[in-house]
Amino acid sequence: MIYLGSHVSLKAPDYFLGSIKETLSYGANACMIYTGAPSNTRRISMDSFKIEEAKQLMVQHAISMDHVIVHAPYLINLANVVKPQTAQFGVEFLKSELERTALLGASYLVLHPGSHLKQGLETGISSIVKGLNEVLDSDASSVCIALETMAGKGSEIGRSFEELAMIIDGVHKQDRIKICLDTCHIHDAGYDVSNFDRVLDEFDRTLGLERLKVVHVNDSKNPKGSHKDRHANIGQGYIGLESLARIVHHPKLLDVTKILETPYIDGVAPYKREIELLRNIK
């Protein structure tokens with residue numbers, strides 16, 4: 001079975017129950033949420049989330065919590081050595097997000113590795129490793145952090161599989177570190193997504209295919225290697241529908257959760273149409 005969905009909203013009054021209703025409206029069997037706004041620290045109590053009602057609805061429609069992904073907020077930057085207090089803030093916020101993910105019952109929290117802010121790759125990776133170890137060494141849950149592949153914008157860390165491997169090598173609890181592969185990001189970082197078998201072989205050699213738990217399925221508005229990170233709608237960018245459909249249906253990735261993060265069109269979510277399109281093309 002293919003586990004395919006999209007980013008969905010989480011808002012009053014139904015919160016997580018509303019997220020699952022939105023998921024079902026797209027004909028999806030997977031989804032990704034933030035536990036609060038991705039660009040600020042405001043968080044409401046999860047007592048308001050209607051978690052049990054959501055899970056009852058999920059049972060009725062055969063949606064598993066294994067395919068509900070949580071994304072950490074963008075403002076976490078564990079690599080910030082210019083302002084160490086900002087990195088430490090990220091550590092504390094990440095601890096809180098792990099707790100919230102565990103309360104929800106999800107297994108994976110996607111995290112952008114961070115930006116070294118022109119202080120050097122090794123320095124940034126060292127700071128990320130320090131932060132991840134502090135977070136995971138103090139966390140008793142089984143929630144895994146899925147480091148996301150990045151496009152290589154500015155000082156972003158994670159533009160190559162090797163950079164992600166360098167982070168994992170320094171982490172104490174390596175079994176708690178997984179990977180989220182973003183198709184737009186790796187394309188913009190310079191990987192040839194049209195030859196995905198080769199990309200997947202390189203991923204397996206460098207990181208191990210068993211670590212791949214989430215794929216963000218996005219087309220790209222820019223040519224390969226542009227380091228821009230601008231998502232395009234499915235089949236409307238430089239990657240193309242055929243290449244993205246091969247990834248969605250790839251036999252080595254059948255159990256991996258696939259999530260669309262494509263742009264709204266005229267203010268309307270495109271996910272129902274794009275999910276149907278990807279499901280029906282093999």
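This is a predicted model: local features need pLDDT of at least 70, side-chain atom pairs count only at pLDDT 80 or more; totals for chains, interfaces and linings use all residues.
**Entry 1: the barrel**

I began with the overall sheet. I found a closed barrel of eight strands, in the order β1-β2-β3-β4-β5-β6-β7-β10, with parallel pairing. Averaged over the sheet and ignoring direction, neighbouring strands are turned by 30° against each other.

Helix α5, residues 161–170, touches β5 (144–148) and β6 (177–182), and its direction makes about 165° with that of β6. Helix α8, residues 241–248, touches β1, β7 (212–217) and β10 (257–260), and its direction makes about 155° with that of β7.

**Entry 2**

β1 and β2 run parallel and are joined by three bridges. Gly 5 stands opposite Ala 30 of β2, and His 7 stands opposite Met 32 of β2. To get from β1 to β2 the chain passes through α1, and this β-α-β crossover is right-handed.

β2 also pairs with β3, in the parallel sense and over three bridges. Here Ile 33 has Val 70 of β3 as its bridge partner. The chain goes from β2 through α2 to β3, again as a right-handed β-α-β crossover.

Are the faces of β2 covered or open? I find both covered, with Ala 30 and Met 32 buried on one side and Cys 31 and Ile 33 buried on the other. As background, side chains in a regular strand alternate between the two faces of the sheet.

**Entry 3: α1 against α2**

Helix α1 covers residues 16–25 and helix α2 residues 51–60; they pack at an angle of about 25°, with their axes 7 Å apart. α1 and α2 are therefore roughly parallel to each other, since angles under 35 degrees count as such.

Which residues make the contact? From α1 I list Phe 16, Leu 17, Ile 20, Lys 21 and Leu 24; from α2, Ile 51, Glu 53, Ala 54, Leu 57 and Met 58. By class, this contact has eight nonpolar and two charged residues, with no polar ones.

**Entry 4: what α1 buries**

I listed the buried residues of α1 as Phe 16, Leu 17, Ser 19, Ile 20, Glu 22 and Thr 23. They pack against β1 (4–7), β2 (30–33), α2, β3 (68–71) and α3 (84–104).

**Entry 5: Ile 20**

Is Ile 20 buried or exposed? Its relative accessible area is 0%, and under 20% counts as buried, so Ile 20 is buried.

What does Ile 20 touch, leaving aside neighbours within four places in sequence? I find contacts with Cys 31, Ala 54, Leu 57 and Met 58. Of these, Cys 31 is one of the buried residues of β2, while Ala 54, Leu 57 and Met 58 are among the α2 residues in the contact with α1.

For a distance check I looked up Phe 161. Ile 20 and Phe 161 are 141 residues apart in sequence and 32 Å apart in space, C-alpha to C-alpha.

Technical notes:
Residues are numbered from 1 along each chain as its sequence is written. Side-chain values use heavy atoms; hydrogens and water are left out. Axes are lines fitted to C-alpha atoms, for helices over the stretch in contact, and angles run from 0 to 180 degrees between N-to-C directions. Helices (H or I, at least four residues) and strands (E, at least two) are DSSP runs, numbered from the N terminus. Angles under 35 degrees count as roughly parallel, over 145 as roughly antiparallel, 65 to 115 as roughly perpendicular and the rest as oblique. Contact means heavy atoms within 4.5 Å. Ala, Val, Leu, Ile, Met, Phe, Trp, Tyr, Cys and Pro count as nonpolar, Asp, Glu, Lys and Arg as charged, and the others, Gly among them, as polar. Buried means under 20% relative accessible area, exposed over 50%, partly exposed in between (1.4 Å probe, protein chains only). Two strands pair if DSSP finds at least two bridges between them. A crossover is right-handed if, with the strands pointing away from the viewer, the path from the first strand over the helix to the second runs clockwise.
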